[in-house]
Amino acid sequence: MTQIAIDAAFDSGNIEVLSIDGASARLAIPKDHNSEFKQWFHFRVAGKAGEEVTLKITGLNDSAYPGGWPGYDACVSEDREYWARAASSFDKDEEGGTLTIHYTPASNIAYFAYFAPYTMERHHDLVAEAAACEGVELTRIGETLDGQPLDMLQTGEGDKQVWLYARQHPGETQAEWWMEGALECLTDPADPVARSLLAKCRFHIVPNCNPDGSRRGHLRTNAAGTNLNREWAEPSAEASPEVLAIRNTMDETGVHFAMDVHGDEAIPAVFLAGFEGIPSWTDALGDEFYRYERILDRRTPDFQTELGYPKTPAGRANLAISTNQVAERFGACAMTLEMPYKDLAAFPEPEQGWSPERCKMLARDCLAALLEWLDQS
């Protein structure tokens, strides 16, 4: 039996090797730097083509979201382009909670990840390609603690200020796959939805709000161990320069519509979360959010409204969370889009589950829904 080798010392890699015995390995997920969060993994296995590997990721009962493991199948790729699912099972009673992955590679190498990775190298390709398109402007709005650029792309000539931003939580890579789909739509001169939106809106797009966490292989935090989506009330240059830069730029442009793009570990569905409970809540503003939600629900079977987060009671909204702060600060129709790590319970696709391809298609549906929402306003 071939002795496998496991590596994670690369962009967004994250795993600890406890032991290897032939084609089997015991593994653990390191915590985010200066944080208790752990859930994201991304590593490479080198072995022998046609020989099954068994990978046991242990200690998951104290992960950030232990409810995410039952019913979850790990993502796997041999070419780092097409990501399928590897048969996985979770046993809460084995070594503090263990996810066991079985996979037989067709080649001598396979990559495993919590969701299809979106590396910083791919991010830079995305930004450069979009910035080269006609009508798109790139602005470096800030710098991260690790010295990486925080980039914003702007396009459109309309008066509606639309903000799209993603990956406050870096391990939620679904969000930047969504951004790739959105930018492909908006930079396509033949796309009628894009042409109409660009005439009505000025888009401000931050494809990755947390470059440091992304490169470091974090689930939820930046280089300081800060959860950026709890910093929007009082961002600081020391702990959350990314949020400080984005919020300051929002203050300059104003915001009419905002979508903060995320992924959810446990809920097997795509859903939206609104801004119920903000101090300045009005039924009229709330109805704008619910109207967008209904439009998106009608446009695609990948979206639904039955599963999601409970609504916050009146006056109880946490203004440190982006969607609540933006709605309160600007009177904007703001929302959080959540996509699953698992497959959709109501509309499964067993080979890939929820996938980069579906993230990108959802982005096009979200933009088409935005156009319809604007036309009805």
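The axis of a helix is a line fitted to its C-alpha atoms over the stretch in contact, and the angle between two helices is taken between their N-to-C directions, from 0 to 180 degrees. With this in mind, one may turn to the structure above, which is a predicted model.

Helix H5, residues 241-253, packs against helix H7, residues 322-330, at an angle of about 25°, and their axes lie 12 Å apart. Because angles under 35 degrees count as roughly parallel, H5 is described as roughly parallel to H7. The crossing of H5 past H7 is right-handed. On the H5 side, Arg247, Met250 and Asp251 take part, and they meet Gln325, Val326, Arg329 and Phe330 of H7. This contact comprises three nonpolar, one polar and three charged residues.

A second pair is formed by helix H1, residues 120-131, and helix H2, residues 174-186, which pack at about 20° with axes 11 Å apart. This angle makes H1 roughly parallel to H2. Here the crossing is left-handed. Arg122, His123, Leu126 and Ala130 of H1 meet Glu176, Trp177, Glu180 and Leu183 of H2. By class, four of the residues in this contact are nonpolar, one is polar and three are charged.

The interior may now be considered. In soluble globular proteins, nonpolar side chains tend to be buried together. In this model, the largest nonpolar core contains 110 residues, and Phe41, Phe43, Leu55, Phe112, Trp178, Met259 and Tyr292 have the most contacts inside it. Helix H8, residues 356-376, contributes the most to this core, with 11 residues. Beyond its neighbours within four places in sequence, phenylalanine 43 has contacts that include Ile6, Phe10, Leu27, Leu55, Ile57 and Phe112.

Terms used
Residues are numbered from 1 along each chain as its sequence is written. This is a predicted model: local features need pLDDT of at least 70, side-chain atom pairs count only at pLDDT 80 or more; totals for chains, interfaces and linings use all residues. Side-chain values use heavy atoms; hydrogens and water are left out. A nonpolar core is a set of buried Ala, Val, Leu, Ile, Met, Phe, Trp, Tyr and Cys residues joined through side-chain atoms within 4.5 Å. Buried means under 20% relative accessible area, exposed over 50%, partly exposed in between (1.4 Å probe, protein chains only). Helices (H or I, at least four residues) and strands (E, at least two) are DSSP runs, numbered from the N terminus. Contact means heavy atoms within 4.5 Å. Angles under 35 degrees count as roughly parallel, over 145 as roughly antiparallel, 65 to 115 as roughly perpendicular and the rest as oblique. A crossing is left-handed if the near helix is turned anticlockwise from the far one by less than a right angle, and right-handed if clockwise. Ala, Val, Leu, Ile, Met, Phe, Trp, Tyr, Cys and Pro count as nonpolar, Asp, Glu, Lys and Arg as charged, and the others, Gly among them, as polar.
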